[in-house]
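Try each task before reading its solution.

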Amino acid sequence: MAARATHKWAFKPGMRAGAYSWKSSAKAIERLKSASSEIRAVARVDPVTAAEGVIALAERIWPAFEHIDTSSGALGNAVRRTLEELLPVLIEAPADEKTRAKWLEQIREAIEDDGVDYLAPIAHCFGQIAAFPSLMNLHADRDLDMIEAAWSDHERFIHVATGSLTLSCLLEAGRHDELLALLACKKTHLWFDDKFGAEALLRQGREDEALAYAEALLQGDRRPWGYQDIAQFCERVLVAQGREEEAYRRFGLPSASGNTYLAMWRDLVKRYPDLDARRLLEDLIETQGSKGKWFAAAKTAKYFDIALDCAAQPSAVPPTLIRAARDFVIKEPAFAAQVGLHAIGHLLAGRGYDPGPSDIDDAVTHVMEASARIGQGERVLHELHRLAANTASDRIMAAQLKSRIAHIERGDA
């Protein structure tokens with residue numbers, strides 16, 4: 001059989017050992033993005049070559065990034081995302097046993113040489129990458145005795161680089177009792193390794209034991225490492241048992257995640273499509289607190305009554321309210337007018353980051369335009385007078401508001 005032509009990877013020259021200096025995190029992240037794009041493009045036409053590209057990248061990550069400052073966490077997160085994105089390419093490639101045996105040796109060596117566990121996502125899926133039972137068992141057995149001895153020594157902490165890949169192989173090979181016995185040797189239990197034990201119990205149909213095993217890691221006053229993953233595992237078990245409401249209350253709601261309040265709500269809506277989306281938002285507000293911060297989420301979800309309630313809270317952000325008043329002048333003028341009034345009230349109370357008189361001007365403009373559209377101009381003007389008369393108001397803001405009111409009443413603005 002003719003040998004397959006060797007692909008010339010464009011990312012390789014930029015992933016040389018020592019290629020990046022202390023402050024090269026951003027540059028390294030861009031290199032990862034381009035490498036991932038290149039590998040995924042090749043995967044569409046030659047999945048085996050693409051899998052070899054994943055291995056080539058993994059082998060180069062630690063040598064290339066060794067000297068980069070990783071204190072911000074940005075590079076570590078980028079490496080994790082990249083490898084998680086590429087893992088299906090490696091796992092699903094149509095490679096024979098001999099080819100995979102070669103790949104596993106390359107990956108294993110890279111994991112052993114990795115100085116900061118960059119390759120943890122690959123190690124955790126090592127058994128899946130092995131694919132063939134004979135390879136799973138081979139790599140499960142290779143360091144098994146050494147790991148057991150290291151983890152049984154409770155006087156010293158001994159890190160074994162191949163611990164996760166061994167656990168992964170034991171799991172995928174169906175050697176569940178051996179896996180659980182190995183984990184029982186450890187003095188300290190973290191989800192990093194114990195997730196394999198929980199999954200082993202689950203695969204044996206021991207659902208309640210799996211739930212208890214994982215939930216035990218959540219005990220204590222502080223949230224443990226991997227809290228989100230632990231909670232979502234427990235949630236998955238309960239949902240599979242048909243206990244969706246319990247799953248939501250005990251684990252889904254507390255583990256809602258996202259970079260914004262809106263993202264947190266959308267995360268829950270996606271995970272619980274059968275539950276009322278409005279209820280999910282109300283529950284989040286109740287459990288997370290800082291009600292005013294939830295204004296944008298409620299507004300975007302078009303629960304305008306909830307949004308107005310949030311807007312009235314001291315933690316609401318005046319600029320956010322002013323932008324909403326502007327954006328809804330035509331679509332929802334009654335909402336826009338009330339939001340604008342709340343923004344003015346907050347500005348007069350001295351709230352918001354570095355507010356200025358122009359913020360009052362903008363808010364009044366949107367409030368008056370919105371109120372005119374619903375025939376409430378006189379009522380809103382009366383409310384502005386009431387706000388301006390509050391003796392506890394910020395003097396500069398109150399003076400600006402009175403000036404705007406005078407202009408309005410003269411017909412100048």
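For what follows, contact means heavy atoms within 4.5 Å. Keep in mind that this is a predicted model.

**Exercise 1.** Find the buried residues of helix α18 (residues 304-311) and the helices they pack against.

*Solution.* Start with burial, taken as under 20% relative accessible area. In α18, that picks out Phe-304, Ile-306, Ala-307, Cys-310 and Ala-311. Next, look down the axis of α18: these buried residues fall within an arc of 155°, so they line one face of the helix. Finally, search for partners: the buried residues of α18 pack against α16 (277-288), α17 (295-300), α19 (318-327) and α20 (333-348).

**Exercise 2.** Describe how helix α1 (residues 25-43) packs with helix α3 (residues 74-92).

*Solution.* Begin with the geometry: the axes lie 10 Å apart, at an angle of about 5°. Angles under 35 degrees count as roughly parallel, and α1 and α3 are therefore roughly parallel to each other. Then list the residues that meet: α1 contributes, among them, Ile-29, Leu-32 and Arg-40, while α3 contributes residues including Leu-75, Glu-85 and Val-89. Sorted by class, the contact of α1 with α3 has eleven nonpolar, three polar and two charged residues.

**Exercise 3.** How many disulfides does the whole structure have?

*Solution.* A disulfide needs two cysteine sulfur atoms within 2.5 Å. Take Cys-125: its closest cysteine sulfur, in Cys-169, is 11 Å away, too far for a bond. For Cys-185, the closest cysteine sulfur is also in Cys-169, at 18 Å, again too far. Across the whole structure, the search finds zero disulfides.

Notes: Residues are numbered from 1 along each chain as its sequence is written. This is a predicted model: local features need pLDDT of at least 70, side-chain atom pairs count only at pLDDT 80 or more; totals for chains, interfaces and linings use all residues. Side-chain values use heavy atoms; hydrogens and water are left out. Axes are lines fitted to C-alpha atoms, for helices over the stretch in contact, and angles run from 0 to 180 degrees between N-to-C directions. Helices (H or I, at least four residues) and strands (E, at least two) are DSSP runs, numbered from the N terminus. Angles under 35 degrees count as roughly parallel, over 145 as roughly antiparallel, 65 to 115 as roughly perpendicular and the rest as oblique. Ala, Val, Leu, Ile, Met, Phe, Trp, Tyr, Cys and Pro count as nonpolar, Asp, Glu, Lys and Arg as charged, and the others, Gly among them, as polar. Buried means under 20% relative accessible area, exposed over 50%, partly exposed in between (1.4 Å probe, protein chains only). The arc is that of the directions from the helix axis to the C-beta atoms.
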